[in-house]
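Welcome! Here is a short briefing on a protein, with its pocket, its surface and its charged pairs taken in turn.

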Amino acid sequence: MEILKIAGIGLIGTVLSVVLRQERPEIALKINLATGIIIFLMIIPKLEYVIKTLSNLAQRLDIDFMYFTTIVKVIGIAYIAEFGAQISRDAGEGTIASKIELAGKILIMIISIPILMALLDLIGKILP
């Protein structure tokens, strides 16, 4: 089971980080970063499966591919922004974490404009 490996790596990283935080905070931060990257790399193949499944579903439902790619990009931006913000918070940089989250939200808003415009066009066609 993949989650047992991930939880084990997370717990080992947490224990090492907590033990080293007071004596060597710079090493504790590196352990946090390494743990996060290892877990992220373990999850990437699983995300590939999800994207393929959603792509097949979009083809079967005859959904415009532009909408599908936009949704995948939004999900990717959200995950990457959250990952970067958590790393910044672990480093004690809450202000930078907030800026990463804000940038992610703005990028999601920008990338979603074509979907919003298509939705408004559809509403305009439906309403008399």
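A residue is called buried under 20% relative accessible area, exposed over 50%, and partly exposed in between (1.4 Å probe, protein chains only). By that rule Lys52, at 51% relative accessibility, counts as exposed. This is a predicted model, in which local features need pLDDT of at least 70 and side-chain atom pairs count only at pLDDT 80 or more, while totals for chains, interfaces and linings use all residues. Residues are numbered from 1 along each chain as its sequence is written, and side-chain values use heavy atoms, with hydrogens and water left out.

**The largest pocket**

- A pocket is an open set of points on a 1 Å grid over the protein atoms alone, with protein on both sides within 12 Å along at least five of seven lines, and its lining residues have an atom within 4 Å of a point.
- The largest pocket holds about 280 Å³ of space, where a volume is the space filled by probe spheres set on the grid points, which are joined across faces, edges and corners.
- Helix 2 (25–60) and helix 3 (65–90) each supply at least two residues of its lining; helices here are DSSP runs (H or I, at least four residues), numbered from the N terminus.
- Helix 2 gives the largest share of that lining, seven residues.
- The lining residues include Phe40, Leu47, Glu48 and Tyr79.

- Leu47, found in helix 2, is partly exposed at 32% relative accessible area.

**Salt bridges**

- A salt bridge is a side-chain nitrogen of Lys or Arg within 4 Å of a carboxyl oxygen of Asp or Glu, and the count comes to three.
- Lys52 and Glu48 meet in one of them (3.5 Å, N to O); both lie in helix 2, four residues apart, about one turn of the helix.
- Arg89 pairs with Glu101, the closest N and O atoms being 2.9 Å apart, and this links Arg89 in helix 3 to Glu101 in helix 4, twelve residues apart.
- Glu26 forms a salt bridge with Arg24, with the closest N and O atoms 2.9 Å apart.

**A buried residue**

- Ala97 lies in helix 4 (residues 94–111) and is buried, with a relative accessible area of 0%.

Key:
On a 1 Å grid over the protein atoms alone, a cavity is a set of points where a 1.4 Å probe fits but cannot get out, and a pocket is an open set with protein on both sides within 12 Å along at least five of seven lines; lining residues have an atom within 4 Å of a point.
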